[in-house]
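Trainee: Hi! I'm new to this one and would like a quick tour. Can you show it to me?
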Amino acid sequence: MFVRLLYFQVIQKDFLTQQAARQRAIDTTLKVARGNIYDRNMIPFTDREDKYYVVVIPNLFKDFVQVSQDLSKYTGYSTQQIKEILGEKKPVTFIIDNYSEEEITEKLNYPGVKIISLSKRYGNSSLARHVIGYINDVDQSGYSGIEKAFNQYLATQKSQSIGMVGDAFKRSIPGLGYRVVNCFGSNDNTGVRLTLDYHIQSIVEKVADSQMKSGAVVVTDVQTGDILALASRPNYLQDDIKQYIESQESELVNKAFSAYDAGSIFKIVVAAAALEQQTIEMETPFTCTGRIDVDGKEFKCYKEDGHGEINFIKGFAYSCNPLFIDTGLKLGYKSIIDMAKRFGFGSPIHLFDGLEQQSGNVPDKKYVSPREIANISIGQGEILVTPIQVADMVTTIANNGIRKKLNIVDAIVTDDGNVVKQLRREDDTPVISADIAKKIQKMMEEVTASGTGTNARIEEYGGAAGKTGSAETGWKTEDGQTKVHAWFTGYFPITKPKYAMVVFVENGRQGGKAAAPIFKEIAEEILKLNYK
């Protein structure tokens, strides 16, 4: 027995002391640690705002009534509810939002009340919510977006907690105090660095909030293919997902990755195919009477009395339907579809594994009627495209026909910016010749100079080139009107294109009036940043 006691008291002393302490310890987890999601310059999109935790240890004070009354002012619980919670004599944690630390500290200055400040994962002013996604409150794992796709890198086994010594009933023992166990602030966590630019993303979202009820905006870097901003509207709150589950407004849908009728922005595809096959030249004349007959069906121009005598470049600038229908019929269905696929339409754009996006629709049919060719020549009928695909196309045009691999994720990094794993994908694919691309650029410049896109002009900032689109859907709104989506896509500045952008406004009616002004405001604000 003496040897056995000696063994326990000397040799096993440290181990048994730890075990005994562990049995008496009460650990209250305040926040589970999670890696940050950063912009291209290591500006965090997550954990930017603070919230306060009030840890209450009932055994350390006696005036339950006063403490309960004061806590009820900040927590949302009634005084009676808090009294019942504290009556269990166990430590409890309350989350407090919308108050400053000074206010809370002044009103809750009691022994046994500890105020701890921690960052919120999202917050009411968080950006890029449809890209970042959100976490599941139950297990704190990623549930959508970047949070889900890179959960293995973002999730950690660390947490911040408050520890104290308790009795057998897990009640804190007065006089033994407590301590905060903090795992934050170390640089060994891993996070995800995106290609998004925090400041450009902020500009896009501010303008979208003021001018767009439903739609999407995508901004890319022409030279690199990096996605600099991506926003979808309507927006949602990442901390309150439940309210959107049965909503009819599609707040949780990322509309940048959803497919919609293309309308006249598809004329860029038709123009590229026609110029490449020399079906038409820039100065080829055409007479627009306001209508064109195709196999017994009349297709109208938006200008009832027609555009009169115009050439191809003016027809593109004015978005003349009869001219493009005539061009499409001469060109043929297969040539149009083949060019559309070369630009990436009909296939999802791989940005990262697990991303949910639609492919759009480019129907590859063996036999089609002249009427079907007429429809696709002006982007109507079965043609469906996503805003991200349109951004890809105009980036290619602005880059003289070279299709860059679009990226939205750059690397897995540590908190101090060291690269753990490179995720960027690079690939340059020629789609059209530089000569054809420059001709289309010239036509897109004419759109903003004298055509349907004059509302997107930014002459004082180097000019912009683009293409409008008004896409009839066949769907009806609640008031019986046909839904018509508005598009504007283009690039800027003109002389040395740096940025490409697409603006999609759901049921915006006219691209030149609904989407072009949004493009203009965003482009001006970006160029004011004086980014090189």
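**A walk through the model**

Mentor: Happy to. In this predicted model, the largest nonpolar core has 101 residues, and F150, L194, F343, I432 and I440 have the most contacts inside it.

Trainee: Nice. Which helix gives the most to this core?

Mentor: That is helix α10, residues 267-276, which gives eight residues.

Trainee: Let's switch to sheets. In what order do the five strands of the open sheet come?

Mentor: The order is β10-β9-β23-β22-β21, with antiparallel pairing. At the edges are β10 (227-233) and β21 (465-476), each pairing on one side only. On average, neighbouring strands here are turned by 10° against each other, direction ignored.

Trainee: How many bridges join β9 to β10?

Mentor: Six, with β9 covering residues 215-221 and the two strands running antiparallel. For instance, G215 has R233 in β10 as its bridge partner.

Trainee: What lies across β21 and β22?

Mentor: Helix α16, residues 434-450, lies across both, and it runs at about 75° to β21.

Trainee: Now α13. Which of its residues are buried?

Mentor: In α13 (residues 333-342), the buried ones are Y333, S335, I336, I337, M339 and A340. They pack against α10, α12 (321-331) and α14 (370-377).

Trainee: And what comes just after α13?

Mentor: G344 is found there, with a positive phi of about 105°.

Trainee: Is P58 buried or exposed?

Mentor: Its relative accessible area is 1%, so P58 counts as buried, the cut-off being under 20%.

Trainee: What does P58 touch, not counting residues up to four places away in sequence?

Mentor: P58 touches F64, L86, K89, K90 and P91.

Trainee: And how far apart are P58 and P111?

Mentor: In sequence they are 53 residues apart, while their C-alpha atoms are 9.3 Å apart in space.

How values were computed
Residues numbered from 1 in each chain as written. Predicted model: local features only at pLDDT ≥ 70, side-chain atom pairs only at ≥ 80, totals over all residues. Heavy atoms only, no water. Core = buried A, V, L, I, M, F, W, Y, C linked by side-chain atoms within 4.5 Å. Buried < 20%, exposed > 50% of the residue type's maximum accessible area, 1.4 Å probe, protein only. Helix = DSSP H or I, 4+ residues; strand = E, 2+ residues; numbered from the N terminus. Contact = heavy atoms within 4.5 Å. Pairing = 2+ DSSP bridges. Axes fitted to C-alpha atoms, helices over the stretch in contact; angles between N-to-C directions.
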